[in-house]
Each structure stands twice: as structure tokens, then as C-alpha cells.
Amino acid sequence: MYLAASITARGQTPHQNTLLGTLEIRRHALIDWHSLYTDDFMYQSRCWEGGCESYCCTGWSQVTRSFSFMEQGGGPLLPLFAGEYEFLKHSGLLQDTFEETHRCKTISLKNGAAFSIDMVTCKLGGVCSDHGWRPSICRLYPFAPAVTLEGEITGLEKMNLYDHFWEDLEATGPCTIVSMSPEASGGFQRLCKGLMQDPRNIFLFMARSLFVQSVVDSTREQQQLMTDATPGEFFSHWEKLYLLGKLFDKDQVNADLTALYEEFALRYGDPFSSPGSQCD
Ligand code: SF4
Ligand code: SF4
């Protein structure tokens with residue numbers, strides 16, 4: 001499960017734009033999408049031939065086959081970064097199924113503000129309409145950057161929630177990419193830095209990290225989940241606890257996201273008023 005998004009503001013913001021904030025937004029708002037998409041960044045050429053059964057493109061099938069209710073066989077739900085859907089649509093670079101599956105998810109915060117996320121479902125099963133049209137989230141997987149409010153990359157995290165648990169289960173995850181070459185690291189940093197030219201994407205990276213870490217920590221506190229389970233047993237049990245709300249403190253995550261949003265509003269004025277999303 002990804003948590004990443006293209007974000008636009010709705011409702012009130014906790015702080016009005018300052019002149020400084022407005023200037024910051026103008027300076028950061030535009031992403032050079034053409035340049036990012038020209039850079040056909042991959043960690044490893046033809047990585048899907050290593051036996052993963054296109055795990056990331058099939059919606060984590062080696063996990064979801066143990067589920068009874070969530071995400072089975074429909075393809076991965078892919079969040080797009082701020083402005084990305086609009087760029088892809090206007091440039092004719094949308095993969096088949098993206099237009100028909102596109103939707104906006106709005107998350108309301110405790111302070112009355114809200115942000116929306118462009119989402120698409122990929123039903124291509126690992127065969128892109130065009131390899132060069134892969135959205136940024138597909139290029140980044142299996143890694144995500146740990147970032148500061150200023151957009152500085154401070155480390156590397158696992159993008160996908162489920163991938164945090166393979167090691168706990170003493171099992172090998174399906175994705176065979178476990179490290180980055182120096183060249184791949186350069187491509188990863190170029191992509192992340194390019195995306196973070198829009199501060200909404202800094203928020204997105206931080207919000208993803210916050211949510212994933214919260215679920216991972218709660219999962220690890222569930223002792224009965226972590227003992228002597230096969231991956232299939234673990235994920236079957238995990239799904240039920242997740243749906244019962246035992247692995248996700250909704251109020252606490254919302255409070256944390258609200259605090260993050262307010263930090264962004266202080267730093268960038270109103271970072272969520274930048275143009276570039278079909279969610280507007
Ligand atoms: S767009 Fe391509 S890389 Fe991304 S999930 Fe779909 S098939 Fe896989
Ligand atoms: S990124 Fe990982 S899971 Fe996705 S195709 Fe490559 S090896 Fe398979």
C-alpha cells in the first residue's frame with residue numbers, strides 16, 4: 001500500500017499566506033516534468049525478470065492473495081504527485097486504464113483544512129503501455145526518501161507498507177531490489193529533488209513516512225501477529241486487525257498530519273494553493 005499523493009488544498013488553512021510564503025511557492029511550484037520523464041531512471045534493468053512475478057505491478061499479489069477483503073487482483077492503486085496527472089494527461093502520456101480509473105481522494109484534517117490526492121489504478125499487470133510513461137511512484141519503488149521540511153533527503157525508507165514485514169517474518173520479500181548502485185542513487189536523488197520543487201510533494205513524502213511508520217509500529221506491538229507465522233498466516237491475520245482499526249490510530253495519525261500541515265503552512269505560506277491537479 002502506497003501513501004503518496006498529489007495534493008491540493010481545500011478549506012481553511014491555519015495561517016494566511018505571508019509575502020515570503022507566496023514567493024516561496026512561486027519559486028517552488030513548477031516541476032520540470034518533461035525533464036523528469038526524459039530521465040528513464042531504473043534501479044536495475046529488466047528487474048522483473050528476477051522472479052518477483054511483477055509484485056509491484058500486480059498490486060502486491062504475494063501479499064494480497066492472503067487477504068479476504070482488501071485489494072485482490074485489481075492492480076495497484078497508484079498515488080500521483082502534485083501536478084503529475086495533469087502533466088500526463090496534457091502530454092498524452094497516460095497509461096491505458098489511468099484515465100478511466102482516475103479519482104481524487106480527499107483527506108480532511110482536524111483544523112478544518114483538507115488535501116486531495118490524485119489516484120489511478122493500474123490494470124496493466126506489469127506491461128506498461130509505454131515504459132517511459134511510468135509514473136514517478138513506479139520509478140521510486142521500492143524506495144522512498146526520508147526528507148526534512150526543507151526538502152533535504154536524509155535517508156532511505158521502504159516505500160511499501162507490506163515490505164517492512166518480510167524481515168520480521170524471516171522471509172525474503174518478492175522484490176529483488178534491496179540496494180542502490182551509485183548511478184541508481186544519482187537517478188533517485190534527481191527524481192526526488194525534481195519532485196520536491198513543489199513543496200506539496202515534500203509534504204507528501206513526510207506524510208507517507210508518518211503513516212507507514214505508525215502502522216509498522218502498531219503491527220510490531222501485536223505480539224500474537226509476530227510469532228511463528230508464515231507470511232500467508234501473518235498477512236491474513238494482519239488484514240483483519242487492520243480493518244478492525246487495531247493497527248492504525250486514525251485520530252492520532254490525523255492529529256500528526258494536521259500538525260505537519262500547520263508546519264508547512266508556517267514554512268511555505270500556503271503550500272497547498274499551488275496549481276496543478278485535476279483534484280481542484
Ligand atoms: S504503470 Fe507500468 S510500472 Fe507502473 S504499475 Fe503499471 S505496469 Fe507497473
Ligand atoms: S521493482 Fe521489484 S517488484 Fe517491481 S518489477 Fe522490479 S524487482 Fe519486481
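**Exercise 1.** In this predicted model, list the residues around ligand 1 and sort them by class.

*Solution.* The residues around ligand 1 are C57, P76, Q95, C122, L124, G126, C128, R134 and C138. Sorting this shell by class gives 6 nonpolar, 2 polar and 1 charged. Arg counts as charged and Gly as polar.

**Exercise 2.** Which residues come nearest to ligand 2, and how does its shell divide by class?

*Solution.* There are 13 residues around ligand 2, and C47, W48, C52, C56 and C175 come nearest. The shell holds 10 nonpolar and 3 polar residues, with no charged ones.

**Exercise 3.** Describe strand 5 and its pairing with strand 6.

*Solution.* Begin with strand 5, residues 143-147: 4 of its 5 residues are buried. Next, strand 5 pairs with strand 6 (residues 153-158) in the antiparallel sense, over 5 bridges. Within this pairing, A146 stands opposite G155 of strand 6. Finally, the hairpin has 5 residues between the two strands, and G151 takes a positive phi near 85 degrees.

**Exercise 4.** Check the span of helix 7, then find where its buried residues lie.

*Solution.* Helix 7 (residues 182-195) has 14 residues, and at 1.5 Å a residue it should span 20 Å. Its end C-alpha atoms are 20 Å apart, so the two values agree. The buried residues of helix 7 are F188, C192 and L195. Seen down the helix axis, these buried residues fall within an arc of 60 degrees, so they line one face of helix 7. An α-helix has 3.6 residues a turn, so residues three or four places apart point the same way. On the other side of helix 7, P182 and E183 are exposed. The cover over the buried residues of helix 7 includes helix 6, strand 5, strand 6 and helix 8.

Conventions. Residues are numbered from 1 along each chain as its sequence is written. Chains are lettered from A and ligands numbered from 1 in the order in which they are written. This is a predicted model: local features need pLDDT of at least 70, side-chain atom pairs count only at pLDDT 80 or more; totals for chains, interfaces and linings use all residues. A residue is near a molecule or strand if its C-beta atom, placed from the backbone, lies within 6 Å of it. A residue is buried if 20 or more other C-beta atoms lie within 10 Å of its own, exposed if 12 or fewer, and partly exposed in between; C-beta atoms are placed from the backbone. Two strands pair if DSSP finds at least two bridges between them. The expected span of a helix is 1.5 Å times one less than its number of residues. The arc is that of the directions from the helix axis to the C-beta atoms. Two residues are in contact if their C-beta atoms, placed from the backbone, lie within 7 Å.
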